[in-house]
Amino acid sequence: MGEVTRARVDAWTWAVRLFPTRSAAAAACRAGHVRVNGDRAKPATMVVPGDEVHVRGGERERIVVVQRTVVKRVGAPVAVACYLDRSPAPLPKEHVVPGERDRGAGRPTKRDRRLIQRLKGR
């Protein structure tokens with residue numbers, strides 16, 4: 001299965017399916033989106049069981065504690081057993097701030113502009 005005592009953080013985050021590709025995991029490390037035990041991680045930073053890994057990306061931040069180290073990509077049921085997820089729960093959709101728009105949604109509609117103006121107090 002590829003279980004070892006230590007693993008590179010880019011290989012481990014990819015193997016447990018936190019990133020879709022290993023190059024995406026390495027790019028996130030280089031960009032400073034991955035931290036191991038509170039310190040910024042380079043792609044070659046080693047992780048061992050018990051380390052806390054923070055992965056920032058997408059809509060939320062993932063906080064996981066390493067349970068087992070693997071370097072080969074594993075199936076989803078096995079991947080979940082390799083870490084303990086301590087991520088905060090995502091915000092419900094109804095708590096989205098009015099006026100905050102998804103990327104690529106185009107220009108605000110007349111209704112959106114009125115909500116934004118009301119939020120600003122105008």
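1. Two strands pair if DSSP finds at least two bridges between them. Helices (H or I, at least four residues) and strands (E, at least two) are themselves DSSP runs, numbered from the N terminus. On these terms, V53 has V64 in β7 as its bridge partner.

2. On provenance: this is a predicted model, in which local features need pLDDT of at least 70 and side-chain atom pairs count only at pLDDT 80 or more, while totals for chains, interfaces and linings use all residues. Residues are numbered from 1 along each chain as its sequence is written, and side-chain values use heavy atoms, with hydrogens and water left out.

3. The open sheet is made of 5 strands in the order β4-β3-β6-β7-β9, with antiparallel pairing. Its edge strands, β4 (39-40) and β9 (83-85), each pair on one side only. Within the sheet, β6 (residues 52-57) and β7 (residues 60-66) are joined by 6 bridges in the antiparallel sense.

4. Leaving out residues up to four places away in sequence, V16 touches V70, A79, C82 and Y83; contact means heavy atoms within 4.5 Å.

5. D10 sits in helix α1 (residues 9-15). With a relative accessible area of 3%, D10 is buried (buried is under 20%, exposed over 50%, partly exposed in between, with a 1.4 Å probe and protein chains only). Beyond its neighbours within four places in sequence, D10 is in contact with R22, A25, A26, C29 and P43.

6. The whole structure contains 3 salt bridges, each a side-chain nitrogen of Lys or Arg within 4 Å of a carboxyl oxygen of Asp or Glu. Salt bridges link R8, D10 and R22 in a network. The closest N and O atoms are 3.1 Å apart for R8 and D10, and 3.6 Å apart for R22 and D10. R22 is in helix α2 and D10 in helix α1, so this pair ties together parts 12 residues apart in sequence. R8 is partly exposed at 34%, as is R22 at 35%.

7. D85 forms a salt bridge with R62, the closest N and O atoms being 3.2 Å apart. This pair links distant parts of the chain, with D85 in strand β9 and R62 in strand β7, 23 residues apart. D85 is partly exposed, at 38% relative accessible area.
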